[in-house]
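Me: I'm new to this one, so let me ask how you can tell what you're telling me. Here's what I'm looking at.

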Amino acid sequence: FITGTPCRLDPDKLGLTVQAFIQIETLAHAKGTHIAIKRLVATQPEIVAAWTLTGDADYIFRVFCTDLSALNRLVQDVLLAHPAIGRVHSQIVMDQVKDDTALPLPG
């Protein structure tokens, strides 16, 4: 059941003071679009996790940035400039109230 034992780094000590979730709506729902988004995610170190979704957004990204200016650059210069992306909606994390690594085990 164990897939790995990752180290947990302190984002604050690394200067990553802004965490956000960014919802992405693509311009088209085609295989090429999905490939382009996967390539984008692989080339942006600020994007630490990405999921496909049902509902209004097609993807959600979890990102860590050094500050709000860096988040703005990611949104404006990278995401909105990408030809496959139509709409971007970001939510900045104020505080993490629960650890995100534990899974609910049956029992």
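Me: What makes D67 and S69 a polar contact at the start of helix 2?

Reply: Keep in mind that this is a predicted model. A side-chain oxygen of D67 comes to within 3.2 Å of the backbone nitrogen of S69. The cut-off for a polar contact is an N or O pair within 3.5 Å, so this pair counts.

Me: Which residues of helix 2 are buried?

Reply: In helix 2 (residues 68–79), those are A70, L71, L74, V75 and L79. Each is called buried because its relative accessible area is under 20%.

Me: How do you know that they sit on the same side of helix 2?

Reply: They span an arc of only 135 degrees around the axis, and that puts them on the same side. On the face turned away from there you find L68 and D77, which are exposed; the word is used because each is over 50%.

Me: And what do the buried residues of helix 2 pack against?

Reply: Strand 1 (18–26), helix 1 (31–43), strand 3 (59–65) and strand 4 (85–92).

Me: Why are strand 1 and strand 3 called paired?

Reply: Pairing takes at least two bridges, and they have seven, in the antiparallel sense, so they qualify. There, I24 stands opposite Y59. Strand 1 also pairs with strand 4, again antiparallel over seven bridges, with I85 as the bridge partner of T26.

Me: How much space lies in the largest pocket?

Reply: About 690 Å³. Of its 22 lining residues, L9, P11, Q19, R62 and F64 are the closest to the centre. Strand 2 gives the most to that lining, with three residues.

Conventions:
Residues are numbered from 1 along each chain as its sequence is written. This is a predicted model: local features need pLDDT of at least 70, side-chain atom pairs count only at pLDDT 80 or more; totals for chains, interfaces and linings use all residues. Side-chain values use heavy atoms; hydrogens and water are left out. Buried means under 20% relative accessible area, exposed over 50%, partly exposed in between (1.4 Å probe, protein chains only). Helices (H or I, at least four residues) and strands (E, at least two) are DSSP runs, numbered from the N terminus. The arc is that of the directions from the helix axis to the C-beta atoms. Contact means heavy atoms within 4.5 Å. A polar contact is a pair of N or O atoms within 3.5 Å; within protein, one must be able to donate a hydrogen and the other to accept it, and residues adjacent in sequence count only if both atoms are side-chain atoms. On a 1 Å grid over the protein atoms alone, a cavity is a set of points where a 1.4 Å probe fits but cannot get out, and a pocket is an open set with protein on both sides within 12 Å along at least five of seven lines; lining residues have an atom within 4 Å of a point. Grid points are joined across faces, edges and corners, and a volume is the space filled by probe spheres set on the points.
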